[in-house]
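Here is a short note on the structure shown below. Please read it with the model open beside you.

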Amino acid sequence: MEIYAATFTFQKGYGMAGVILNKKSDGGGVLVTYESNLISKSEQGKQKEKIIKWMKSFKFNNMKNE
């Protein structure tokens with residue numbers, strides 16, 4: 001599994017977008033976006049850690065259809 005993620009801000013909040021790639025089969029992945037309103041800079045760092053941990057918990061079914 002490989003994860004790419006970036007944070008962003010918008011008028012009233014903070015967000016994070018990323019992709020979780022399945023490296024063990026023919027490809028594929030999951031696109032993830034997260035948004036939160038009105039949180040402080042210190043809370044943004046904590047949220048980022050939680051989101052990355054959550055993204056790492058994803059499991060892919062590597063069974064091929066025959």
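1. K23 and E2 form a salt bridge, with their closest N and O atoms 3.2 Å apart. A salt bridge here is a side-chain nitrogen of Lys or Arg within 4 Å of a carboxyl oxygen of Asp or Glu. This pair links distant parts of the chain: K23 is in the loop between β2 and β3, while E2 is in strand β1, 21 residues apart. K23 counts as exposed at 53% relative accessibility, and E2 as partly exposed at 23%. Buried means under 20% relative accessible area, exposed over 50%, and partly exposed in between (1.4 Å probe, protein chains only).

2. The model is predicted: local features need pLDDT of at least 70 and side-chain atom pairs count only at pLDDT 80 or more, whereas totals for chains, interfaces and linings use all residues. Residues are numbered from 1 along each chain as its sequence is written, and side-chain values use heavy atoms, with hydrogens and water left out.

3. The salt bridge count comes to 2. E43 and K46 also meet in one (3.5 Å, N to O). Both residues lie in helix α1, 3 residues apart, about one turn of the helix. Helices (H or I, at least four residues) and strands (E, at least two) are DSSP runs, numbered from the N terminus.

4. An open sheet of 3 strands has the order β1-β2-β3, with antiparallel pairing. β1 (2–10) and β3 (29–37) are at the edges, each with a single partner strand, so one side of each has no neighbour in the sheet. Strands pair if DSSP finds at least two bridges between them; β1 and β2 (residues 13–21) are joined by 9.
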